[in-house]
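Good morning, and thank you for the time. I would like to take the group through selected features of one model, beginning with the display that follows.

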Amino acid sequence: MQNPSGVVGHDWLIKASPRMARPDDAACPTHRRTAMRPLLVAEPPVPFRPDPREEFPFAPLFTALDLVEHSGWPIERVREELRNTRGPFRGWGAPVHPAHLAWTAHALERYIAARHQEQAAAVEAGLPPTEPVLKPWTWRTLRTDTPDPRGVRQYEHTLWGRMYASQDGMVRDLWLPSLGRAKTGRPDAELAAVAKVMVYGAPTPRRKARSEPPPTATDVVRPPGLLRVFDVGCADGSVQGLLSTDPAEASRRFTEDAVPAFLSAATGTGVRPGESCVDCKALASCTDLKRTPRLWNGRPPVPVRKRRSISVWDLRLHAECPAQYHLVRRLHLNDLSRENQGAQRGRAVDAWLDAQHAERPTRGCRDRQPPGPVDIRARTVLDDASAREAAAMLAEHRLLCPLNGLGADEEVLVQHRVTTYVPELDVVVLAVPDLVYTHRGRWIWRETKTSARPLWERESLLRTYPQLALGVLLFHAGAVGAEPRRSWVELEHLREGHGESRLEPIDPGRAENVDEARAVIAELAQPLLDDTTYEPRTGRHCHGCQARTWCRPGTAYVTDHPRPGSPAVDTPYEETPRHVPDEQLAPDRLSAPGAASSPDARPTPRGEASAHD
């Protein structure tokens, strides 16, 4: 296949991990295709820039397990080493955040205990014990002189995880760690790819990046008779068996499930901007990714960092606590604590609105019967009070729904991903508005927020909800495909009380709105871009932080400031990831009613003589 523009090098080698067989509708086909070809590189080349903190959550855990499983260290000695580390763990990689090291000590004990328990059960069932494998298994084909229809002369299939084998080689185990609880299932294609490597893979030394493999195929003299795959939860030590099969079944599953998935990934064409852009080799020449230079007039960080993504949720969480941003957003550490009822209420409202707005043909919610508290309780984990609040908010939405009376030829995009690139910062900006739709030639960006409190007059909407500020900037930069003068941003503020909800429009064509939006995003983005330490900043948010278990300052704050019973806090549920707790919102802004029951009676954005042509 022809290499995409902006990529040079050799494409005769495909290196495939089981993750490449995993379905991913959000991934960019061009990124996946080039990522599977390790000898391809970006042109112009991207220099290596180390992270100031370790960003692979399992890196120190695997180093710790190596000390226990391959060097014979007692667990307590490894724990002491973790406690005494003030930088890279054992001298490898980037410096590790102190809370990340504490999580590693926690996960290490649970992993070792889970292994001991499973091994005892296996021996009791008559299976031989399995021992750690030092070099990872790799299955590599013979390098041919003639390329196949995909232009490939050699394939290399790798595994990730902790690998174990019985002394006679007849049993092979793979343990896959998860950050929270053990996963109860993985895609069939992924497990099929795993099993095939477990059958035919041989222990293989690690190579430097972009180096060629040996031309010979890997050789397994005696394939194992039993393959087992386990998932282990690092937060609670839970273990889930994912696969137990033999070589014949593994080969069949590979042919039926993994091969089509790998072929799709290796030959995919087209571009889908999103999170894939961060690591894409073809970004420099990608014409589908919109460039938005000087989006908020930020300055490049010193030292220069490798490319990364930023969302409004990243910005808000970092402003609240840099450590929480690093631990929860970047490392995805999870203590299994549940979100409060305010966050869960927001998700229930969000899910119902998304489902209704995504129906085709388009239909406004004014003509629908909203669910009652009993229906909501049956579908969610909400308590009675929160279910009543959610039902009341959905009833309020009926008059504010942007699809009421909307023409059949208008475009409606639910949870539409907007991606842009800020070249001078080497930053990919990600935004997912609740709704983007057209109305009489205008593009409109709708954010919906649930709240127990009214909007507060003394606080700017753009500062209270930076999502609105980013929407203004993206419209102004032309990233949503519309002229700022023919678009607007809307906030739908839903409350429980009848008639208390509001619809607030903001005109992205007004210079003062653009200036304020730039100031809001710059004040949030620059500290994040410059940060290299991610120090904790304690406060009320510590009570809901999913990494607080391993954060000493956060734990001390919660001990010294116990949280009394209080009503659920407001939650910007649109952008709250499911593994991240809710955030404390700034005081709201009190305003007069500005909503109407149909698109033909919309409020006028600030600075516009009329909302319509």
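Predicted model: local features only at pLDDT ≥ 70, side-chain atom pairs only at ≥ 80, totals over all residues.

Residues are numbered from 1 along each chain as its sequence is written, and side-chain values use heavy atoms, with hydrogens and water left out.

I begin with helix 13, residues 466–476, where ten of the eleven residues are buried. Helices (H or I, at least four residues) and strands (E, at least two) are DSSP runs, numbered from the N terminus. The buried residues of helix 13 are Pro 466, Gln 467, Leu 468, Ala 469, Leu 470, Gly 471, Val 472, Leu 473, Leu 474 and Phe 475. Just after helix 13, Gly 478 adopts a positive phi of about 75°.

Helix 8, residues 322–330, has eight of its nine residues buried, so it is largely enclosed by the rest of the structure. Against which helices do the buried residues of helix 8 pack? They pack against helix 4, helix 7 (312–320) and helix 14 (511–530), where contact means heavy atoms within 4.5 Å. Among these buried residues are Tyr 325, His 326 and Arg 329. Just after helix 8, His 332 has a positive phi of about 65°.

I turn now to helix pairs. Two packed helices are described by the angle between their axes and the distance between the axes. Axes are lines fitted to C-alpha atoms, for helices over the stretch in contact, and angles run from 0 to 180 degrees between N-to-C directions.

Helix 3 (residues 75–84) packs on helix 4 (residues 98–124) at an angle of about 165°, with the axes 9 Å apart. Helix 3 is therefore roughly antiparallel to helix 4; angles under 35 degrees count as roughly parallel, over 145 as roughly antiparallel, 65 to 115 as roughly perpendicular and the rest as oblique. The contact involves Ile 75, Val 78, Arg 79 and Leu 82 of helix 3, and on helix 4 Leu 101, Thr 104, Ala 105, Leu 108, Glu 109 and Ile 112.

For helix 5 (residues 188–200) and helix 6 (residues 247–267), the angle is about 130° and the axes are 7 Å apart. That makes helix 5 oblique to helix 6. The residues of this contact comprise 13 nonpolar, one polar and four charged.

Next, the cysteines. How many disulfides does the structure hold? It holds zero, a disulfide being a pair of cysteine sulfur atoms within 2.5 Å. For Cys 321, the nearest cysteine sulfur, that of Cys 542, is 6.1 Å away. Cys 321 is buried at 6% relative accessibility. For Cys 365, the nearest cysteine sulfur belongs to Cys 401, at 3.6 Å, and Cys 365 is buried with a relative accessible area of 1%.

Finally, Val 428 lies in strand 16, residues 427–431, and is buried at 0% relative accessible area.

Definitions and conventions
Buried < 20%, exposed > 50% of the residue type's maximum accessible area, 1.4 Å probe, protein only. Nonpolar A, V, L, I, M, F, W, Y, C, P; charged D, E, K, R; others polar.
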